[in-house]
Amino acid sequence: MRTDTGQVFKLEDYRPNDYLIPETNLTFRLSPHATHVTAVLTVERRDGVSVSAPLVLDGDGLTLLRVEIDGRQLEPADYQATPDQLTITRVPATKRFRLIIETQIAPAGNETLMGLYRSSSVYCTQCEAEGFRRITYFLDRPDILSVYTVRIEAGRDEAPLLLSNGNPVESGDLADGWHYAVWHDPFPKPSYLFALVAGDLGKVADSFVTMSGRKVELGIYVEPGKEKLAGYAMDALKRSMRWDEEAFGCEYDLDVFNIVAVSDFNMGAMENKGLNIFNDKYVLADQETATDADFANIEAIIAHEYFHNWTGNRITCRDWFQLCLKEGLTVFRDHEFSADQRSRAVKRIAEVRTLRAHQFPEDQGPLAHPVRPRRYREINNFYTATVYEKGSEVVRMIRTILGADAFRAGMNLYFERHDGQAATIEDFIKVFEDASGRDLSQFALWYHQAGTPNLTVSSTHNSASQEFILEIEQSVPPTPSESRKRLMHIPLAFGLVGAGGEPVAYSSVEGATVEDGVIHVRKRRHVVRFSGVAERPAVSLNRGFSAPVTLSVEQKADDQFFLAGHDSDAFARWQAFNTLLTDALIAAFRQILGGKPPVFASRLTDLSGKIAGDETLEPAYRALALALPSEADIARDIGKNIDPDAVFRSREALALAIATANREAFTHLYDRLVDDDAFSPDAASAGRRALRNILLDYLSLLPGGVGLAADHFHSATNMTDRAASLAVLAHRHHGSPEAIKALADFEAEYSDDPLVMDKWFQIQASVPGPQTVDAVRALTQHSAFSMANPNRVRSLIGTFSSANQTGFHRPDGEGYRFFTETVLDVEKRNPQVAARLATALRSWRSLEPGRQAKAREALLSIANAENLSADLRDIVERTLI
């Protein structure tokens, strides 16, 4: 484990390395405790570099066995070697030379899950961001592109399957029951995309014919016996390949494409060229073990990793500061894929909810950073919602500004101009400028400036002059290391809505550039005048969430209610209703703090019933609309001095008010949504289940609700309904005989399925109330739980700390104390997972003073621990700033 070095990497310090490695040949002789790696590297000195320049290679915990150049074994005076670096001081004068490095590593003892490690007796790798240096000494940086040839040797009984990047070249038997396989990837790639898998795995095979007529062999490898659970993943892969051809003209380029599912993985998946390695939770699924959300995630993540073949692999990033160039862009592409496969409106709402839940708090707290960071101390900590989700929104804004045709022309130029290169954000922006003739220099600030912009908007209507006026002012709050902000180019989609819901026309507009329903906000203040508007319209703003901003709109409640019922833009209609719910919840929170019972307007609870029963809206949309803002969402909008218990009580009070006002209508609709057809994971069927399950959540608050939820659980024919009703029982009726029995029945049924048991852990970890910390502590001793497995840790500890506001933020600080102990325990094995857990306290300063003091004490306890990893120290110290 690397402990803190204190080194800060800065974008401004980037310079190309003195050397290149155009060809890499690797030979692995696999053994759990003593794997030998022989790297034969063709090293090339850049033009103009002095022959005296040393070759400095990265390592991480390596044991060096041999180093040789051009057939000559180096003497100790020729190089300096430590476990973390190899410096060759005497380099040949020739422009090119052949370097051989032999190292020894121990995959079985590698609990960091970076480099080469073992997962359930399977050898596998994870090299992004800096894991390749745990395999051999190398120039482990994204701008060193190399053509790889890999030979893998292993005992046939232990590892009958031998996989690496590229195409298979050769295989055969060796002495003593061993065998080998050789793989060659003809496309130059950085070391972080290297992959190796060896073990005993089952295979699901298929094929795909590309748009040019080439046949690609497809394989998904899983634990033996689980092949039947990979069918949906294979279907999603084939749909992804076809969609990328149709939507972006991107054709797959190798003869094979393989996916391997492993049970120990730090992330969701990894896009290694031709050999994607996945966390098995994003591959394995059937109706008995996976929810509709699981199916949707599998579809999206399979697509995401496949789409990286062009946006990340064929064109990679020059350095880790450009991480959003592959991740944000590819998230945008997988969002578009899912929108086309499912419901565009529902997908967009879900995307925005995720952005607000994860990225907005990041922007508003001590961990704020630009989409392209300017400095970092530990790159693993910058795989963030800002890089991914906000990075996607920035790409979406480019399309909004330029239009679909110019955007596609820019993407085509990007693929043509930068194929085979390690590119930058400047390269990306330039292709769109060149393709469209537009100046995007002000817009580029979205990549360089941290923080969520706020737009303050007011409106007036002059009936005499028939003029409607919008006053728009932008501001960006200060963030760490950035107190003064520059003005952004914000594409604000809008609509003027008439009394009957129809769009209101206008004859002219001045005060800002307005194109295709978008106001281009570029100045601090715009006064936008629409002429020829006879009647006062309701104004619908940020339609489709055209920009990742917050809005402070001086708007009457009557307008919000009107838009919630009539706005033609599906996202804006949902947003209007969600704003009404949020405002009511904040008012209730303040009433509770003031010692008064919360009171809700009847027209709000009635509107909930109308939306639930509106057959013109798809069920999935209605389910999203009825989902109250989360406790974290409410706290974020309140801003400071948060009492999580009061937030919880306000939310429960509104849920009860809505359920009480709509009991008859909700019951009728719940009964009507019973689905007797065979299970299907398609979007329409999933939407009906989502609506029925949220109605169950409301109805469970009423007399007889516990019985209804128990009946739902025991009659469920799929995991979606079973998990949803179990959550209702555990959360709404904690400690009841029905809840206790359902939890026991679920455990007995699925105790041998780790991924399903993760749901069981999640449900219990998110039970609200002060008692949950003790329950979670006890569950860490459960036979199905392991601190060494990231999925188990995330399901229990991650859920408790990030999704249980009342339990984690217990007033006496016990939740924080347990969290501190656990994070430090996890860190001993896996610093990456520990660092991600620690982000749960990023918003600690928004809590009321008592909790705030205890949260700070917990953070200091972590910061003061001995031998803290660079990953965890970086997060904790930035959080404490």
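This is a predicted model: local features need pLDDT of at least 70, side-chain atom pairs count only at pLDDT 80 or more; totals for chains, interfaces and linings use all residues.
1. The residues of α6 that are buried are A406, F407, G410, M411, L413, Y414, F415 and H418. Helix α6 itself runs over residues 404-418, and its 15 residues reach 21 Å from the first C-alpha to the last, close to the 21 Å expected at 1.5 Å a residue. After the helix comes G420, whose phi is positive, near 80°.

2. Salt bridges. R133 forms a salt bridge with D140, with 3.0 Å between the closest N and O atoms, and both R133 and D140 are buried.

3. E336 forms a salt bridge with R344, where the closest N and O atoms are 3.2 Å apart. The two partners are to be classed separately: E336 counts as buried because its relative accessibility is 7%, under the 20% limit, whereas R344, at 37% relative accessibility, counts as partly exposed. Salt bridges that share partners join E336, D340, R344, R348, E351, E393, R396 and R399 into one network.

4. A salt bridge between two helices. E652 forms a salt bridge with R732, the closest N and O atoms lying 2.5 Å apart. Since E652 belongs to helix α14 (residues 644-661) and R732 to helix α18 (residues 719-732), the pair ties together parts that are 80 residues apart in sequence.

5. Packing of α11 on α14. Helix α11 (residues 602-613) packs against α14 at an angle of about 65°, with the two axes 9 Å apart, and the crossing of α11 and α14 is right-handed. The contact is made by L604, T605 and S608 on the α11 side and by L654, A657, I658 and A661 on the α14 side.

6. F600. This residue lies in the loop between α10 (570-593) and α11, and F600 counts as buried because its relative accessibility of 17% falls under the 20% limit. Leaving aside neighbours within four places in sequence, F600 is in contact with A584, A588, S650, A653, L654 and A657. Between the C-alpha atoms of F600 and Y123, which are 477 residues apart along the chain, the separation is 58 Å.

7. The sheet containing β10. An open sheet of 4 strands has the order β10-β11-β16-β13, and its pairing is antiparallel. The edge strands are β10 (115-119) and β13 (161-164), each of which pairs on one side only, and the twist averages 20° from one strand to the next. Strand β10 pairs with β11 (residues 122-126) in the antiparallel sense over 5 bridges, and R118 stands opposite Y123 in β11.

8. The β14-β15 hairpin. Strand β14 (residues 167-173) and strand β15 (residues 178-189) pair in the antiparallel sense over 6 bridges, and G172 stands opposite Y180 in β15. The two strands form a hairpin with 4 residues between them, and D176 in the turn has a positive phi of about 65°.

9. The sheet containing β29. Another open sheet of 4 strands has the order β29-β30-β27-β32, with antiparallel pairing. Its edge strands, β29 (513-515) and β32 (538-541), each pair on one side only, and neighbouring strands of this sheet are turned by 35° against each other on average, direction ignored. Strands β29 and β30 (residues 518-521) run antiparallel and are joined by 3 bridges, and the bridge partner of V514 in β30 is I519. Helix α9 (residues 557-566) packs on the sheet, where it touches β27 (490-497) and β32, and the direction of α9 makes about 65° with that of β32.

Conventions. Residues are numbered from 1 along each chain as its sequence is written. Side-chain values use heavy atoms; hydrogens and water are left out. Two strands pair if DSSP finds at least two bridges between them. Axes are lines fitted to C-alpha atoms, for helices over the stretch in contact, and angles run from 0 to 180 degrees between N-to-C directions. A salt bridge is a side-chain nitrogen of Lys or Arg within 4 Å of a carboxyl oxygen of Asp or Glu. Buried means under 20% relative accessible area, exposed over 50%, partly exposed in between (1.4 Å probe, protein chains only). The expected span of a helix is 1.5 Å times one less than its number of residues. A crossing is left-handed if the near helix is turned anticlockwise from the far one by less than a right angle, and right-handed if clockwise. Contact means heavy atoms within 4.5 Å.
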